[in-house]
Amino acid sequence: MESKQENKEEVYKRLIKLEKEVEKLKISLNSESVKNIEDQKKYEMNLTTGNRNFLKVLSISVIAFFIIYLIIKY
């Protein structure tokens, strides 16, 4: 009986130790993800209506250019 009780205590000690390690890993992973989000925000562009219209005109002109190029080439 004593050995079983000792084994249970040892298992509980190991479990507590593992839980602490898992908690440390979770904290380190969360801090890294926050850093990545902050890095991504540096390169974000706030799209206003003027920016959207400019991008639409630019994309349409690029598509039209390639269509005209293909028509002239063949």
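Reader: Is R14 buried, partly exposed or exposed?

Author: In this predicted model, the relative accessible area of R14 is 54%. The exposed class begins over 50%, so R14 is classed as exposed.

Reader: Where do R14 and E10 lie, and by how much of the helix are they separated?

Author: Both residues belong to helix α1, which covers residues 2-42. E10 is partly exposed at 38% relative accessibility. Because R14 and E10 are four residues apart in that helix, their separation is about one helical turn.

Reader: How many aromatic pairs are there, and what is the geometry of F65 and F66?

Author: The count comes to two aromatic pairs. F65 and F66 have ring centres 5.5 Å apart and planes at 70°. An angle over 60 degrees counts as edge-to-face, so the F65 and F66 pair is edge-to-face.

Reader: Is the pair of F65 and Y69 stacked or edge-to-face?

Author: The centres of the F65 and Y69 rings are 6.4 Å apart, with 20° between the planes. Planes under 30 degrees apart count as stacked. F65 and Y69 are four residues apart in helix α2 (residues 49-73), about one turn of the helix. Their ring pair is therefore classed as stacked.

Reader: Which residues do the ring pairs link into a cluster, and what is the relative accessible area of Y69?

Author: The ring pairs link F65, F66 and Y69 into a cluster. F65 is exposed at 52%, whereas F66 is partly exposed at 48% relative accessibility. Y69 is also partly exposed, and its relative accessible area is 45%.

Reader: What accessible area does the nonpolar surface patch have together?

Author: The patch includes F65, F66 and Y69, along with other residues, among them M45, L47, L58 and Y74. F54 is also a member of the patch. Together, the residues of this nonpolar patch have an accessible area of about 1200 Å².

Reader: In which helix is F54 found, and is F54 buried or exposed?

Author: F54 is located in helix α2. Its relative accessible area is 53%. Because the exposed class begins over 50%, F54 is exposed.

Note on methods:
Residues are numbered from 1 along each chain as its sequence is written. This is a predicted model: local features need pLDDT of at least 70, side-chain atom pairs count only at pLDDT 80 or more; totals for chains, interfaces and linings use all residues. Side-chain values use heavy atoms; hydrogens and water are left out. Rings of Phe, Tyr and Trp (its six-membered ring) pair if their centres lie within 6.5 Å; planes under 30 degrees apart count as stacked, over 60 as edge-to-face and the rest as tilted. Buried means under 20% relative accessible area, exposed over 50%, partly exposed in between (1.4 Å probe, protein chains only). Helices (H or I, at least four residues) and strands (E, at least two) are DSSP runs, numbered from the N terminus. Patches are made of residues with over 30% relative accessible area and no salt bridge: like charges are joined within 9 Å, nonpolar side chains (Val, Leu, Ile, Met, Phe, Trp, Tyr) within 5 Å. Accessible areas come from the Shrake-Rupley method with a 1.4 Å probe; for residues, only the protein chains shown count as cover. A salt bridge is a side-chain nitrogen of Lys or Arg within 4 Å of a carboxyl oxygen of Asp or Glu.
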